[in-house]
Amino acid sequence: TIGDAYMCVGGLAEPQEDQAVRVCLFALNVLNAAASTVVSNDHPDLGCVQVRVGIHAGSVIASVVGDLNPRYCLFGDTVNTASRMESNSECYMINLSPRPTSTSSSKRPMRGLSPGVFSTSRERGNWSASFWTSL
């Protein structure tokens, strides 16, 4: 978890040519499941679970952290950027950084891309991200 968010990683154990596409498909399935999951059966007026997704690709450092309660953790710029992509996304949208967008597009054409939003970063300046809703 990252705060109140969950992180999914593709191609960590065994890199795959289509790992970006697989992660994107997983994200679409998560969005569909959330959109059909009622927050409370007793209070249907609360609506469904709201989810936003951020995706970035790159290398990470992995390690087991802790003695009493060991946890497998991932660290690095890729994790931080994916977290920023998620926090700058919108409900029921996938915010893709340029890296997985180009990787996924070369393996399978993507529909539903529209200009996304990514805040200015000291390290990168302004990014041109994409919102994605379907293959």
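**The largest pocket and the helix beside it**

Modeller: Let's do the largest pocket: α1 (19-35), β1 (53-55), α2 (77-87) and α3 (98-107) each put at least two residues into its lining. Helices (H or I, at least four residues) and strands (E, at least two) are DSSP runs, numbered from the N terminus. Before going further, bear in mind that this is a predicted model, where local features need pLDDT of at least 70, side-chain atom pairs count only at pLDDT 80 or more, and totals for chains, interfaces and linings use all residues. Residues are numbered from 1 along each chain as its sequence is written, and side-chain values use heavy atoms, with hydrogens and water left out.

For orientation, the chain has 3 helices and 6 strands, running α-β-β-β-α-β-α-β-β along the sequence. Of its 135 residues, 29% are buried, where buried means under 20% relative accessible area, exposed over 50% and partly exposed in between (1.4 Å probe, protein chains only). Take contacts between residues at least 6 apart in sequence: 57% of those join residues at least 24 apart, a contact being heavy atoms within 4.5 Å.

Now the pocket itself. Rolling a probe the size of a water molecule over the atoms shows where empty space is left. Here a pocket is an open set of points on a 1 Å grid over the protein atoms alone, where a 1.4 Å probe fits and protein lies on both sides within 12 Å along at least five of seven lines; lining residues have an atom within 4 Å of a point. The largest pocket holds about 980 Å³, with volume taken as the space filled by probe spheres set on the points, which are joined across faces, edges and corners. Its lining has 37 residues, and Tyr6, Met7, Cys8, Gly54 and Ile55 lie nearest the centre. The biggest contributor is α1, with 6 residues. By class, the lining splits into 23 nonpolar, 11 polar and 3 charged residues.

In α2, Thr78, Val79, Thr81, Ala82, Met85 and Glu86 are buried. They sit on the same side of α2 because they cover an arc of only 165° around the axis, the arc being that of the directions from the helix axis to the C-beta atoms. What do those buried residues of α2 pack against? They pack against β1, β3 (71-75) and β4 (94-96).

Thr78 is buried, at a relative accessible area of 10%. Leaving out residues up to four places away in sequence, Thr78 touches His56, Ala57, Gly58, Ser59 and Val60. Glu86 is also in helix α2 and counts as buried, at 17% relative accessibility. From C-alpha to C-alpha, Glu86 is 7.2 Å from Ile55 in space, although 31 residues separate the two in sequence.

Past the helix comes the loop between α2 and β4, where you'll find Asn88. Asn88 is partly exposed, with a relative accessible area of 23%. Asn88 is 34 residues from Gly54 in sequence and 7.8 Å from Gly54 in space, C-alpha to C-alpha. Tyr92 lies in the loop between α2 and β4 too, and is partly exposed at 29% relative accessibility. Check its backbone: the phi of Tyr92 is near 60°, a positive value in a residue other than glycine. Most residues other than glycine have a negative phi.

Finally, β4 holds Asn95, which is buried with a relative accessible area of 0%. Asn95 and Arg52 are 43 residues apart in sequence, with 8.1 Å between their C-alpha atoms.

Terms used. Ala, Val, Leu, Ile, Met, Phe, Trp, Tyr, Cys and Pro count as nonpolar, Asp, Glu, Lys and Arg as charged, and the others, Gly among them, as polar.
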